[in-house]
Amino acid sequence: MSIVTVFVVITLTFFLMNLMPGDPFIGNKAIPKAIKANLYAKYGLDKPLGIRYLKYLGNLAQGDLGMSMTYKNQEVIGVIKQAFPVSADLGIRSLIFGVLGGLLLGTIAALNHNRPWDTGATVLAILGVSIPGFLIGTMVQYVLGFLFSNAVREIFHTDFQLIPIARWEGFKYTILPAFALGFGSLATTSRLMRTSMLDVLHQDYIKTAKSKGLTPFQVTLKHSIRNAILPVVTILGPLTAGIMTGTFVIERIFAIPGLGRFFVQSVQMYDYTMIMGLTLFFATFLIFMNFLVDIAYGLVDPRIRLGKGAA
Amino acid sequence: MLLELKDIKVSFDTYAGEVQAVRGVSFTLDKGEVVALVGESGCGKSVTAQSVMGLLAKPAGRVKSGAIFIDGVDVTKYTEKEWESIRGAKVGMIFQDPMTSLNPTMTIGVQICEGLIKHQHMSKSDAMKRAEEMLRLVEIPNAHERVHQYPHEFSGGMRQRAMIAIALSCNPALIIADEPTTALDVTIQAQVLDLMKDLKRKLDTAVIIITHDLGVVASMAERVMVMYGGLIVESGKLEDVYYHARHPYTWGLMKSIPRLDSTKEEELSPIEGTPPDLFMPPPGCPFADRCDWCMQICKVSMPPKYAVSESHSACCWLLHPDAPKTESPMARIRHGMTGAEGAKNV
Amino acid sequence: MESTINITPASFERVPKDLVAAQSILRPSLTYWKDAWRRLKKNKISMFCMAFLIFMGTLAILGPMVFPNYSSNNLEKTYSKPDSVNWFGTDDLGRDQFARTLRGARISLFIGLTSAMITVLIGILYGGISGYFSGWIDDIMMRVVDVLITIPDMIILILLLVVLKPGVGTLILAMSITSWTGMARLIRGQVLQIKESDFVLVSKIIGSSSMRIIIKHLIPNTIGIIIVRLMMLIPAFIFEEAFLSYIGLGVRVPEASWGNLAEAGALQFPNNLYMFFIPAAFIGTTMLAFNLFGDGLRDALDPKMRK
């Protein structure tokens with residue numbers, strides 16, 4: 001199923017890219033016809049569409065995504081190999097922060113329904129869902145970076161940075177971007193978890209659990225959370241997608257050399273091969289992630305795992 | 001005396017005001033006795049049961065007044081921690097719908113073990129062995145494999161048996177069964193009831209059965225308490241209530257049971273009307289508006305409890321010495337004369 | 001106890017059954033909509049958000065009419081802080097930010113609303129047809145949706161916008177194309193559920209026509225969900241527009257949208273803060289208002305929460 005989708009994406013991307021009006025080589029100084037013809041030949045742009053498509057598929061099978069059109073002698077696949085680990089690192093940190101934080105927050109909110117903790121958590125969640133991540137990123141950068149440093153400079157007359165606000169060179173550098181990127185996930189997860197928990201708390205089996213004399217903690221952990229977590233697992237797919245697209249802007253704001261930043265650049269510079277290659281990569285990655293989530297859900301919910309059992 | 005309820009009043013605080021679910025219930029239960037709490041939906045029987053377990057929905061529900069003594073201790077004063085120590089260990093509960101009352105993400109075995117580990121401090125492996133024994137006790141075949149299965153892999157009847165196993169696992173002195181057979185097919189109902197009778201005999205557990213099904217009551221109970229509008233309107237031994245009932249509501253209940261030998265022409269005779277809204281309960285007898293024998297005083301003040309015999313009592317103004325003599329329709333009802341004839345009575 | 005009650009022979013006079021009293025309903029009953037409106041009114045936050053959104057909408061409609069010069073350059077006065085002439089300051093080409101912000105309100109809200117409505121429309125048609133006819137029609141249509149859903153939205157969006165020229169129309173088109181699937185699934189689910197429900201069965205048994213069933217049952221029961229979804233879609237679209245403008249694929253200058261205003265401000269960061277924070281504040285508060293209002297609306301329309 002997923003394979004079909006990947007194929008569809010590949011085809012779609014290819015044809016869309018090649019339907020682009022305009023010329024990738026316009027924009028720089030005027031190029032003489034002969035050289036243009038050579039360039040066209042080099043990139044294979046002189047052959048008919050069908051043949052180009054097949055050639056592309058062939059190259060793909062060998063892991064060749066072509067060469068960048070703006071960076072000289074830069075293989076697309078090379079860019080991916082270099083920049084993806086950075087983005088993945090950021091993404092994983094953000095995901096862990098967002099999901100675990102969200103689960104915790106959502107649970108606390110549900111257990112304290114309509115009391116201060118609940119209201120507070122809900123407010124936080126609403127903010128996280130309403131304010132775009134990149135705005136949060138920029139604001140956080142401003143407040144914790146510039147304002148703070150300026151204040152320190154004014155008061156203490158030294159240069160001091162509490163948390164780094166740009167680049168990517170150590171653990172401290174990951175804090176702000178992961179926070180900005182993960183905040184949206186935290187909000188969504190906590191809202192979902194809260195609703196799910198409230199639902200579960202009204203279920204009959206919670207009454208049964210209490211009737212056995214279990215402590216509230218035991219009931220919460222082994223009965224409530226275990227069942228409330230199921231809907232959260234289902235959204236892990238879209239959550240990952242959101243984080244992935246979030247990297248496009250967060251990496252730009254925090255000057256992180258990840259794949260997202262490259263993607264944005266290639267879009268702005270009309271580097272077709274890069275755009276195609278990166279799009280394909282992102283799409284395939286996401287489809288793969290969704291596939292993993294489906295499996296995970298089966299593992300977590302015994303009803304799905306074992307189907308309808310015998311009487 | 002294992003259990004004693006003394007004038008229990010339970011209310012729920014809703015946004016619209018106070019709903020008086022239970023308005024003064026008292027009864028006792030001895031070790032090994034089986035007592036049935038009968039009544040329509042909304043009469044307060046489930047709430048009474050929940051209060052014995054301390055399981056009233058907080059923060060809305062509370063025991064307004066009265067006392068509940070379990071083994072001589074007033075549990076209405078219990079802290080949560082104290083409740084936790086007796087729930088499952090001294091008092092167990094079997095719930096109505098076995099489909100939703102079992103955690104779908106935990107195996108049956110583990111769900112049985114929880115109580116054992118908590119109250120009897122067993123190790124996990126010992127508890128699992130005992131869980132298997134329990135499954136065998138409730139006559140579930142292939143207990144050894146079943147113990148590792150999930151609720152959705154069990155049939156309805158088996159799930160209810162599993163519930164019974166869970167409730168009985170720590171051998172509590174009292175079991176409260178809240179509509180244990182209502183959600184089951186009729187044939188399965190019979191099986192589960194037989195099982196319960198068998199277990200009660202083996203383990204000498206006291207049982208409170210809550211139901212609206214008079215057939216279930218007849219097959220299991222030694223004593224019966226009829227509830228209506230948050231109050232017990234009649235109580236006595238099984239024969240007392242079934243053959244010599246004295247309260248018009250009980251008459252209505254008995255009359256409304258369809259009989260196998262009734263002809264096609266005879267209509268079913270339900271009790272007309274609906275139960276009172278406990279949000280603003282009537283000042284007098286709760287059954288007054290639906291009662292064929294209603295008198296002036298019934299609407300104005302609550303009837304006190306009158307003893308019909310040593311074991312049998314009813315709360316009805318008809319039993320007042322000055323009340324006009326009424327012939328109990330029970331004889332007619334027992335002989336199958338339902339319908340309009342049973343109601344013509346002075 | 002008897003001593004406190006006055007018992008006379010009259011006390012024992014027979015009184016006929018009072019079935020009317022026995023069945024009286026003590027709480028006033030309301031129609032679904034009246035009850036929903038009542039509950040919504042009680043929710044102060046939702047009411048406040050509604051007022052805020054109406055205010056914002058008015059700004060969007062009337063603002064650019066009153067302050068129309070959002071694209072006139074004034075090269076003498078670039079990057080100036082807010083003052084009495086330019087209430088929100090000016091940007092890199094000296095354009096008045098206040099007028100641009102108002103223009104941005106109109107554009108961004110227009111994009112959000114239109115995209116949401118198109119999405120809902122397509123979703124209703126597709127999901128409604130699929131759910132109503134079920135069978136193999138439903139199977140095929142849902143397979144298509146399944147495949148489409150797995151394709152990541154952003155990828156399609158970006159591709160489409162790279163291929164077609166970025167602009168308000170393209171944006172609406174692209175965003176609608178990527179969002180209708182979710183709506184279709186929702187509607188289809190609702191239709192299926194209602195079709196199988198008992199009250200529709202009753203209606204069929206007593207001989208109602210399909211049209212009547214659709215009008216009297218399907219629509220009233222789904223409208224609530226549709227409206228709530230609509231409310232939640234709009235902020236998502238505003239977000240998408242802002243996001244796309246941020247990476248340069250959204251609304252292009254000299255047109256103004258909150259998204260590209262924020263982007264222009266971000267490029268200046270941390271100088272000329274007003275250029276970033278003002279549009280950011282507008283985006284944030286409007287999205288917040290939509291979300292809170294949508295939440296309140298959902299609670300009000302949920303029949304299960306009816307007390």
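What is the mean pLDDT of chain B, and what percentage of its residues reach 70 or more? In this predicted model, chain B has a mean pLDDT of 84, with 94% of its residues at 70 or more. Colour chain B by pLDDT and select residues 338-346, where the value is below 50. In the model, this stretch makes 19 contacts beyond near neighbours in sequence.

Next, display chains A and C together. Their contact draws 33 residues from chain A and 29 residues from chain C. On the side of chain A that touches chain C, select helix 1 (2-18), helix 5 (116-130), helix 6 (133-156), helix 10 (236-253), helix 11 (259-268) and helix 12 (272-300); each of these supplies at least two residues. By class, that side of chain A comprises 24 nonpolar and nine polar residues, and no charged residues.

The largest nonpolar core contains 130 residues, and C:Ile158, C:Tyr246, C:Ala262 and C:Ile283 have the most contacts inside it. Select helix 11 (residues 273-301) of chain C, which contributes 14 residues, the largest share of this core. Then centre the view on C:Tyr246: leaving aside residues up to four places away in sequence, it touches A:Phe134 and A:Val249 as well as C:Gly259, C:Ala262, C:Glu263 and C:Ala266. A second, separate core has 102 residues, including B:Leu29, B:Met220, B:Cys285 and B:Ala314.

Finally, select helix 4 (residues 97-133) of chain C. This helix of 37 residues reaches 52 Å from its first C-alpha to its last, close to the 54 Å expected at 1.5 Å a residue. The residue that follows helix 4 of chain C is C:Ser134, with a positive phi near 35 degrees.

Conventions
Residues numbered from 1 in each chain as written. Chains lettered and ligands numbered in written order. Predicted model: local features only at pLDDT ≥ 70, side-chain atom pairs only at ≥ 80, totals over all residues. pLDDT = per-residue confidence, 0-100. Contact = placed C-beta atoms within 7 Å. Helix = DSSP H or I, 4+ residues; strand = E, 2+ residues; numbered from the N terminus. Nonpolar A, V, L, I, M, F, W, Y, C, P; charged D, E, K, R; others polar. Core = buried A, V, L, I, M, F, W, Y, C linked by C-beta atoms within 7 Å. Buried ≥ 20, exposed ≤ 12 C-beta atoms within 10 Å, placed from the backbone. Expected span 1.5 Å × (residues − 1).
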